[in-house]
Amino acid sequence: MSDYDVFLAGRPARTTLDLVADTWSVVMCSVNTLRWREDAGGERLLERAFLIPGASTLARAGKGLRAPGVASTRAGTVDVAFEGRPHRREEFAMGYITTRDGTDIFYKDEGSGQPVVFSHGWPLNADAWEDQIRFVAENGYRAVAHDRRAHGRSSQVANGHDMDTYADDLAEVIEKLDLRDVVLVGHSTGGGEVTRYIGRHGTSRVAKAVLLGAVPPLMLKTDANPEGTPIKVFDDIRIAVAGDRAQYWKDLSGPFYGANRPDSNVSQGVRDAFWLWSMQVGLKAAYDCVKAFSETDFTEDLRRFDIPTLIVHGDADQIVPIDDSARKSAEIVQGATLKVYPDAPHGLANINPFKDRFNDDLLTFIRS
């Protein structure tokens, strides 16, 4: 018997992992995350399991893996049963990478094949990409999506809420998972993250890029960018986030999905999901990120794009106006393809009919 730290429904707790030969049996729980680390000898150790109460789960240790307090396990494979259905680890996994400054970045990893890496918008997390993760994985690709630092399940750090650090965190995810020939997909702030990544790290590991409702080249109105959004708009966002962020997230879900339009059929469930994801970002991170997505100038980063690029934007986007973003980015990125979705809102990837169209356009672009 070996005591082991776990999280049950997000709460730290103690539980017992019952060691049976080379099998750990966790009764009445379904695995949500297995987190690994390497010891001084390079051996991978099971460091933490995030568990959700549910069906009985078995996790069998494979070669080079061992449980805390256990000397070794026999060679084999890593199999985990999710809700009673076995998955190979290469089919579905969740875990963490630790950045150079000690921040734990949570990621989802599903499917196999050419990797498609998703960067989410503000103030969300990787769950906002669930529809696309499932879609590309079922169509023969490997989908990877991470929670930005201090968002979702990543470390709630107070530092690094700027585009350079976001891009470097993305680079560490890509490098530590040894992803190559990557298709980068970024939505909104995530589009800025992808753009700054290419500006800082180049395209040696990147095959293609997709910018969806993305903030580049520059949102803020300046003398050089007179079409941009006045600083007062972003100051008002900061006031709302600092004052009553819970209500602000509820209100923001309306224009985000176009639910404030008279012809909208956006469900309350979609809006509730937006609120839930938003409440998982740290307050300082949410506040600081406003400056990052609004005041960062990505013009020079866009000029470094030397790969096929798809730019998708809704012409009814109330969050990132298309004329100040996608249309300008398409002029800067040589050879970029711009697809404008009539009547589509900012969060088009989460609602139909736009979601299905985007999924189809994404798959076509990946395969081309």
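Visitor: Which loop holds Pro217?

Guide: Pro217 lies in the loop between strand E15 (206-212) and helix H4 (231-257), where helices (H or I, at least four residues) and strands (E, at least two) are DSSP runs, numbered from the N terminus. This is a predicted model, in which local features need pLDDT of at least 70, side-chain atom pairs count only at pLDDT 80 or more, and totals for chains, interfaces and linings use all residues. Residues are numbered from 1 along each chain as its sequence is written, and side-chain values use heavy atoms, with hydrogens and water left out.

Visitor: What kind of peptide bond joins Pro216 and Pro217?

Guide: The bond between Pro216 and Pro217 is cis, with omega at about 5°. A cis peptide bond also joins Asn352 and Pro353, with omega about 10°, and Pro353 is placed in the loop between strand E17 (337-341) and helix H9 (354-367).

Visitor: What is the phi of Ala150, and where is Ala150 found?

Guide: Ala150 is not a glycine, yet its phi is positive, about 70°; this residue belongs to the loop between strand E13 (142-146) and helix H2 (163-176).

Visitor: Is Ala150 buried or exposed?

Guide: Buried means under 20% relative accessible area, exposed over 50%, and partly exposed in between (1.4 Å probe, protein chains only). Ala150 has a relative accessible area of 1%, and is therefore buried.

Visitor: Where is Ser188, and is Ser188 buried or exposed?

Guide: Ser188 sits in the loop between strand E14 (182-187) and helix H3 (189-201). Its phi is positive, about 60°, although Ser188 is not a glycine, and with a relative accessible area of 5% Ser188 is buried.
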